[in-house]
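Student: I'd like to take a close look at a single part of this model, together with what packs around it. Could you walk me through it?

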Amino acid sequence: MNVVRPLDNGNASLRFCHLEKSNLCGNFLGLHLSRAVWDPYPWISDVGVNTSAEKAGIRVGDLLLEVNGYDILGHSVAEVAQKIKETQKNDEFNEVTLLLWNSGVEHNHWNQNSVPRFAGCMQSVAQLLECPVCLDTVRRPIFQCSNGHLLCSKCRYKTIQCPICRVSLQNNTSRCLVAEKLLGLIVDTFMENGRFSMKN
């Protein structure tokens, strides 16, 4: 029988789900994992009706932390799927044990379109912070022409006209403090291995 067991510390949001291999339909668990570049762990984005995952109490919005005791921090969805398949093929295990965490948000109120919409929004914001000269993310200090078009500090002194509106840049630029603060927030959030990235 597929069962859900809260941890002994009484924290109901952190729990083990045990899926017996005998109850699985081949390698199909009945769940879909998603993970954006800023997510430390993958999360459950869909659970099939009448599947092993649903019967085990797995819910949309659950974070998957471990597979049979193996910490999957930073692993891609493909790597996690491969780990689950390896567990299913390993005769040492009679079940697939998943350690899950849930924030307590009711899944009935979970909008599955929210995450991709948010990701698209952040990608658009990043594109707004692109220098029209070098086509790279603007570098601080960030300058703007009199019409508000951004230029990075590296390219500001390489051109005499705004590449977008062609207005003269000679004695006609100012710092864009809002863009600098926004860039700082994004870089602090999405910096990976010393590089700024918002790609999956």
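How many bridges join strand 5 to strand 7, and do they run parallel or antiparallel?

Tutor: Happy to. Please keep in mind that this is a predicted model. Strand 5 and strand 7 run antiparallel, and four bridges join them.

The buried residues in question are V80, I84, T87 and Q88. They sit on the same side of helix 2, because the arc they cover around the axis is only 100 degrees. On the face turned away from that buried side, helix 2 carries the exposed residues A78 and K89.

The length of helix 2 can be checked too. With 13 residues (77–89) and 1.5 Å a residue, helix 2 should span 18 Å; the end C-alpha atoms are 19 Å apart, so the two values agree.

These pieces come together in the largest nonpolar core, which has 23 residues. The residues with the most contacts inside this core are L19, L31, I58, L64, V67, V80 and L98. At least two core residues come from each of strand 2 (14–20), strand 3, strand 4 (43–47), strand 5, helix 2 and strand 7. Strand 7 gives the most, with four residues. Another core, of 18 residues, lies apart from this one, and M122, C152, C176 and A179 are among its members.

One more spot is worth a visit, this time in helix 5. E180 lies in this helix, which covers residues 177–190. E180 counts as buried because its relative accessibility is 11%, under the 20% cut-off. A polar atom of the E180 side chain lies 2.9 Å from the backbone nitrogen of I142. Leaving aside residues up to four places away in sequence, E180 touches R140, P141, I142 and R175.

Note on methods. Residues are numbered from 1 along each chain as its sequence is written. This is a predicted model: local features need pLDDT of at least 70, side-chain atom pairs count only at pLDDT 80 or more; totals for chains, interfaces and linings use all residues. Side-chain values use heavy atoms; hydrogens and water are left out. The expected span of a helix is 1.5 Å times one less than its number of residues. Buried means under 20% relative accessible area, exposed over 50%, partly exposed in between (1.4 Å probe, protein chains only). The arc is that of the directions from the helix axis to the C-beta atoms. A polar contact is a pair of N or O atoms within 3.5 Å; within protein, one must be able to donate a hydrogen and the other to accept it, and residues adjacent in sequence count only if both atoms are side-chain atoms. Contact means heavy atoms within 4.5 Å. A nonpolar core is a set of buried Ala, Val, Leu, Ile, Met, Phe, Trp, Tyr and Cys residues joined through side-chain atoms within 4.5 Å. Two strands pair if DSSP finds at least two bridges between them.
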